[in-house]
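Please keep the sequence and the structure in view while reading.

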Number of protein chains: 4
Amino acid sequence: MSVFQHPWLGGVFHDAEAAEIMGPQAQMKRMLRIEAAWSRVLGDIGRVEPRLAAAAALVIEAAEPDIEALREGTARDGLAVPTLVKLLKAGMDEELWPAVHKGLTSQDVIDTELVLALDLVTQLMDKRLALLAGALDDVTARFGAGRMMGRTRMQAAVEITVADRVLAWQRPLLRHRERLTALRGEVLNLQFGGAAGTRDVLGDQGDAAAAALADHLGLANPHAQWHSARGGLAEVASWLSLVSGSLGKMGQDISLMAQQGLDEIEIAGGGSSSAMPHKQNPILAELLVTLARFNATQLAGMHHALVHEQERSGAAWALEWMLLPQMVQATARGLGAAIELTSNIRRMGGPAS
Amino acid sequence: MSVFQHPWLGGVFHDAEAAEIMGPQAQMKRMLRIEAAWSRVLGDIGRVEPRLAAAAALVIEAAEPDIEALREGTARDGLAVPTLVKLLKAGMDEELWPAVHKGLTSQDVIDTELVLALDLVTQLMDKRLALLAGALDDVTARFGAGRMMGRTRMQAAVEITVADRVLAWQRPLLRHRERLTALRGEVLNLQFGGAAGTRDVLGDQGDAAAAALADHLGLANPHAQWHSARGGLAEVASWLSLVSGSLGKMGQDISLMAQQGLDEIEIAGGGSSSAMPHKQNPILAELLVTLARFNATQLAGMHHALVHEQERSGAAWALEWMLLPQMVQATARGLGAAIELTSNIRRMGGPAS
Amino acid sequence: MSVFQHPWLGGVFHDAEAAEIMGPQAQMKRMLRIEAAWSRVLGDIGRVEPRLAAAAALVIEAAEPDIEALREGTARDGLAVPTLVKLLKAGMDEELWPAVHKGLTSQDVIDTELVLALDLVTQLMDKRLALLAGALDDVTARFGAGRMMGRTRMQAAVEITVADRVLAWQRPLLRHRERLTALRGEVLNLQFGGAAGTRDVLGDQGDAAAAALADHLGLANPHAQWHSARGGLAEVASWLSLVSGSLGKMGQDISLMAQQGLDEIEIAGGGSSSAMPHKQNPILAELLVTLARFNATQLAGMHHALVHEQERSGAAWALEWMLLPQMVQATARGLGAAIELTSNIRRMGGPAS
Amino acid sequence: MSVFQHPWLGGVFHDAEAAEIMGPQAQMKRMLRIEAAWSRVLGDIGRVEPRLAAAAALVIEAAEPDIEALREGTARDGLAVPTLVKLLKAGMDEELWPAVHKGLTSQDVIDTELVLALDLVTQLMDKRLALLAGALDDVTARFGAGRMMGRTRMQAAVEITVADRVLAWQRPLLRHRERLTALRGEVLNLQFGGAAGTRDVLGDQGDAAAAALADHLGLANPHAQWHSARGGLAEVASWLSLVSGSLGKMGQDISLMAQQGLDEIEIAGGGSSSAMPHKQNPILAELLVTLARFNATQLAGMHHALVHEQERSGAAWALEWMLLPQMVQATARGLGAAIELTSNIRRMGGPAS
């Protein structure tokens, strides 16, 4: 029912690459990868025999948990991990059980899974930001010297060049790439705290276990868990909305340029109308505006989720699950649509003076 | 990827009845129903021979449009209707074509489809509001005379009865039912305007056609289209958020009552923890808070969509598609969860004085 | 610092009539009016001698409480009423004290004060909605037969008349007036509950006291308090945002029509530019868009405030204080600006066909 | 009418230092400082005689523009700068006029003024973040070894130390200081573009003029204007909401700890009730929650303002004026309240084990 997965509306809103990264199959694989890495950690730090740890990890990596059971467990517990752990144990010798999940808490698994997904999806976005900036370079190369009316407060102001307008779209994208580098450094962190977030479930081995787990997963190991400190995820959300906001500005500009009477741009492709065959609607430009407003709307919720009470809040945490994955998809789709739209520009502005 | 359709998170967030009403299969059926009714209308008002109109309607009602083609068409046109009309025509004799879609515009079909869905889903919600109010009556019957501490600003104030607290949850629900009656009267309206919303595509037969179409579909016929007047849908969104807000208040109260130290309520069932087997988490109470904050967040976007430029806005309209169906699902799920939660109350408050 | 009260930005954002109604002087007068009415009620129901009640009421009505003391008290208590009551008592004979505030709680006073303000300010808005609808009638009378291009998805669609476009602005306004009638009936209710909302502070005289107080204040007496049931205020907020949203749509349309190249409207007055003396910016049309987005944004917060825990929440309640008065001002200003803008229309659309 | 400036509610919401920085008097001084610096720049780059430039700058710096005239001008033009320039010229010899404002545009002045204000106010916040972190160190020093129940999903989980809980409040604050350093580096940039943002109003002297102006004002000189690229301000808004969100989490925790039955904290001071003299309400803790939700709400609007069409949008820009200054005040007040609240902690948690 979500537009992103809708059978026909998905034609507009779906982004295949983002969906594959964020989809449940990849999610489950990452959860299993985390649980398997943890089994190995329990071996590394000597809580279980390395042989048993390795054996448990292999079973976990190959597991294909019963989705219906997970769903029922999630309905009961509010999250899938307790059932997942039971299913994993049920699929292995009892001798291996001490090497499974012991010392982790559900939030460690679920947050770390999200971080691993964000690693991939922000790489995708960075690549697309670079592609889009390049596609805008092409527009400048082809039409940049052309003149067009600069418009302020929706009124004709003074003439500018096409290159000026394109630069105003392009500069923020480069800035978003710089921001992303900093953001990734801050957010791609292991979540590990154990039951109440104090990393002491394993006595004094907590920090060693955290370091080992981070190493297995290729993540940074922050000096503490962040169960209730959701600022990093709120910043990811802000960044996503900054990106879609910049694209929305570009989409709005293109929609305005495409108006009959202004005729400042010509776009190949574009939508037809069931009632007016002569129309060619700037679908993708409009879509960028829609996605910008969608993300701006969701962002508020991600910041309400900062009021995350005590050691861990069920209510605030689940709100993130409802919002952030959709913001990711909206942003990825926006970038894909902007690249397509840009490459469809057949003319922009007038002749050079 | 949406929590509502997610393979395991769906165990918490999915509502089967709402999903069936709002799902794409039912959506397509309603779109076909509208197109078929319109064919009949074209017969009724003498634009085509009634025989041809009836024949076209039968073909349309039985159609099973190729979803992949619809998806491609939607990707191109921004909406499915132009392709749907082509597919419908391709499935019938050319002689019937004048009886298909002629005089409608895509927005007429898509908005009317939504209205038909809202008709069903608000009936469902009304039924659940009544059930929930009844379940709360049971709580009062069993525990209402018991005493509990009234709390203001999260501090003990003066004693109240359990019945007082339950009434504070129940009264708004009854009010929401009254509001819904008024709202349904206002919103369950045919959308019909034709290309630019002036109902004059059929010359002076526009109003007659509208009346006939409304009659076929069991909807009210407003005196004009509402292509760009989205206040009705914004009010639906407000109502959904009022409902989930009231449930969120109840969920928050129950979460607070369930705290060790307060121990003012005992709930059967409830979530287990992967790290702490002794815990019993008030999953459904938390869920109500989450859903309330989700809907409050989305509502802003539905009101931004009121800035719907000119005769029809692509950007503002598509924003509604992204938000309203999710608000419907969140509200339906909240009502279902609240009924279950209420019926799980094993004790509330202390002994009667 | 708020734009509404800002020394120079107020030129754009300030609405004098709304500011007078909502301002602190009028607020204090209404609080005193409520406290005085309550003293009389205590006489009416025989809790104090009518003579003492009347004397206390007279003192209260004439009081001019020390604002600095109120501010300090508010800093300490989170609200002004405890200090206000102390100040009132300090200004009268001790013999009158039993006739002061006894049985009320702060929220009774503060919410009822708000309701009295909303009574006045929604009357103002209703009057302005009627004026605006009338001003639009004038536009239709002068230019309605003219032709203009209907535009959908920001693209030329088919020709419409100026009257068609104006009607699309006007119809929602009439609908808002109908909604307001219903809303006023629902919201203009006395708040009275006493300490924990149970109306039993006066034993079995609670309902009689409520009826008498409502009578003194010219408000409806609901069958119970609504300390924690904030749906009515959330609906007021929704209505305000519906109104400003409709005005935002009109403002957006006018901004688009005023573009050079489209030139579909001519507005007298309008802004000059510090850098470009030739420009004439459609200030008021833009303002309507700004105010619509402002209110849509605030509305989310008013719905988050529905999660109002237990018998009374300090945190959720104070959030309303931060949001609703600003929404009132934004809406009032929007209506004023829309009336001015409409009456400044010098030409709209082209010649009649 | 805004709670921040309200005569008695200001006792809760007003922050004197932030109000002084953001207030209209300081704002006007900064605008004059910018105009004066620009006059000097026009001398520096040889557009006017340095003698005239210096003379104009002196007049401008000493000017006390007629606020009523500014207000009328703002009402007409949507912003104060055109009138300000006229008033400044009226106060000097005509010979100096070429040294006034020539080549600047209103947005250059208004955005740069905001940046100068943000410079000061973020310094204030940084200082307070450090103070608050220090005050939390004191709490840890006094009570850190004490035990308290760790709570997850609002249920008792396992015991933690008071220090664990305090650290969860403190760590994000330190992170916000690091973020602020990066943010200031990005945002404290001169705005300079001229009429259509191309810096070419002064021919090829645009960049030199920008460099000189930045130098005069102690700001960085970005390589281009950012009239329509509002990502920096949106990031400021995000940062403000991150800070208030962290404080909101702390406030929520303290409100929960202060519940009778949990009794995990004792706070000196605190609010009294008009109806219940025995109560002591945790006013400041609640306030932190309110302010967090306020800022989370506003943030959405700041991101909607990213859809800033063409070379400059009146509508999106004015939305920032309505939102950002209030977010600044809410955040500053939150920091002040959190420091006071922390220093009022008389006991936290139980005895050490």
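A crossing is called left-handed if the near helix is turned anticlockwise from the far one by less than a right angle, and right-handed if it is turned clockwise. Helices (H or I, at least four residues) and strands (E, at least two) are DSSP runs, numbered from the N terminus. The model is predicted, local features need pLDDT of at least 70, side-chain atom pairs count only at pLDDT 80 or more, and totals for chains, interfaces and linings use all residues. Residues are numbered from 1 along each chain as its sequence is written, chains are lettered from A and ligands numbered from 1 in the order in which they are written, and side-chain values use heavy atoms, with hydrogens and water left out.

The helix pairs come first. In chain B, helix α7 (residues 106-143) and helix α8 (residues 162-187) have axes that come within 10 Å and cross at roughly 160 degrees. Axes are lines fitted to C-alpha atoms, for helices over the stretch in contact, and angles run from 0 to 180 degrees between N-to-C directions. Angles under 35 degrees count as roughly parallel, over 145 as roughly antiparallel, 65 to 115 as roughly perpendicular and the rest as oblique. α7(B) and α8(B) are therefore roughly antiparallel, and their crossing is left-handed. The contact of α7(B) with α8(B) comprises 17 nonpolar, five polar and five charged residues. Here Ala, Val, Leu, Ile, Met, Phe, Trp, Tyr, Cys and Pro count as nonpolar, Asp, Glu, Lys and Arg as charged, and the others, Gly among them, as polar.

In chain A, helix α10 (residues 231-257) packs with helix α11 (residues 283-304) at an angle of about 155 degrees, the axes being 7 Å apart. α10(A) and α11(A) are therefore roughly antiparallel to each other, and they cross in the left-handed sense. Their contact contains 14 nonpolar residues, ten polar and one charged.

Helix α10 (residues 231-257) of chain B packs with helix α12 (residues 314-343) of chain B at about 35 degrees, with the axes 9 Å apart. The crossing of α10(B) and α12(B) is again left-handed. Contact means heavy atoms within 4.5 Å; the residues involved include B:Leu240 and B:Leu247 of α10(B) and B:Leu324 and B:Leu335 of α12(B). By class, this contact has 14 nonpolar, four polar and one charged residues.

The strands follow. Two strands pair if DSSP finds at least two bridges between them. Strand β1 (residues 147-152) and strand β2 (residues 155-161) of chain B pair in the antiparallel sense over five bridges, and B:Thr152 stands opposite B:Gln155. The two strands form a hairpin with two residues between them, and B:Arg153 in the turn has a positive phi of about 50 degrees. In chain D, β1 (residues 147-152) and β2 (residues 155-161) likewise run antiparallel and are joined by five bridges; D:Met149 stands opposite D:Glu159 in β2(D).

Finally, the copies may be compared as whole chains.
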